[in-house]
Amino acid sequence: STIQTIKALGIEPVLVSPPPQSGFDLGMCAKRALFYGLPLDGCNFPLSLVRKAQSGELAFLHRLEGTARVIWLTGAICNGGTCRTLIGDNFIYSDSGHLSREGSIYVGKALDLYGRIKRGGAPSP
């Protein structure tokens with residue numbers, strides 16, 4: 001009903017998915033790996049784990065796709081079935097479910113969030 005109310009005001013609602021989560025503190029994993037000189041790819045996790053950890057949230061957003069535009073963050077963080085905690089020099093997570101500041105900037109640019117919201121959802125070329 002909230003989406004319908006927003007639409008009745010002439011506004012197109014845009015929902016942004018939560019970042020993919022594994023159920024573990026990904027920010028701490030990356031910090032520990034860095035501190036102990038371990039490979040950071042040990043903090044990466046399979047996309048299948050995301051579906052288990054967030055099944056209710058994701059199912060809810062999939063149901064809303066028929067009534068509102070949903071922008072999925074998975075596309076910027078997960079590639080080839082693996083979700084990464086470090087992309088380039090960017091630590092993506094600050095904890096188990098939140099993006100770090102640099103992760104937010106990376107995801108925003110990678111998905112052209114501002115442009116997609118402004119243009120109506122179409123990805124940039």
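## Contacts of Thr85

Leaving aside neighbours within four places in sequence, Thr85 is in contact with Leu26, Leu40, Cys43, Asn44, Phe45, Asn90, Phe91, Ile92 and Tyr93. These contacts, like everything below, come from a predicted model.

Thr85 sits in the loop between strand 5 (82–83) and strand 6 (86–87). Its relative accessibility is 2%. Buried means under 20% relative accessible area, so Thr85 counts as buried. Two of the residues named above return below: Cys43 is a contact of Thr85 and a member of a disulfide, while Leu26 is a contact of Thr85 and one of the buried residues in helix 2.

## The two disulfides

A disulfide is a covalent bond between the sulfur atoms of two cysteines. The structure holds 2 disulfides. With the bonded cysteines of the chain numbered in sequence order, the pairing reads 1-2, 3-4.

Cys29 is partly exposed, at a relative accessible area of 28%, whereas Cys43 is buried, at 4% relative accessibility.

The other disulfide joins Cys78 to Cys83, with an S to S distance of 2.0 Å. The link of Cys78 and Cys83 has 95 degrees about the S-S bond and is right-handed. Cys78 is buried, with a relative accessible area of 11%, and Cys83 is buried as well, with a value of 0%.

## Helix 2

The buried residues of helix 2 are Leu26, Gly27, Ala30 and Ala33. They cover an arc of only 130 degrees around the axis, so they lie on the same side of helix 2. Strand 2 and strand 7 (90–91) are what the buried residues of helix 2 pack against. On the face turned away from the buried side, helix 2 carries the exposed residues Arg32, Phe35 and Tyr36.

Both ends of the helix have a local feature. At the start of helix 2, a side-chain oxygen of Asp25 reaches to within 3.3 Å of the backbone nitrogen of Gly27. Just after helix 2, Gly37 has a positive phi of about 70 degrees.

## Helix 6

In helix 6 (residues 101–110), the buried residues are Gly103, Val107 and Gly108. Seen down the axis of helix 6, these buried residues fall within an arc of 130 degrees, so they line one face of the helix. The cover over the buried residues of helix 6 includes helix 5 (74–77), strand 7 and helix 7 (113–119). Strand 7 is also one of the elements against which the buried residues of helix 2 pack.

The face of helix 6 turned away from its buried side carries the exposed residues Arg101 and Lys109. Just after helix 6, Asp112 takes a positive phi of about 50 degrees.

Key. Residues numbered from 1 in each chain as written. Predicted model: local features only at pLDDT ≥ 70, side-chain atom pairs only at ≥ 80, totals over all residues. Heavy atoms only, no water. Helix = DSSP H or I, 4+ residues; strand = E, 2+ residues; numbered from the N terminus. Buried < 20%, exposed > 50% of the residue type's maximum accessible area, 1.4 Å probe, protein only. Contact = heavy atoms within 4.5 Å. Disulfide = S-S within 2.5 Å. Arc of directions from axis to C-beta. Polar contact = N/O pair within 3.5 Å; in protein donor to acceptor, adjacent residues only side chain to side chain.
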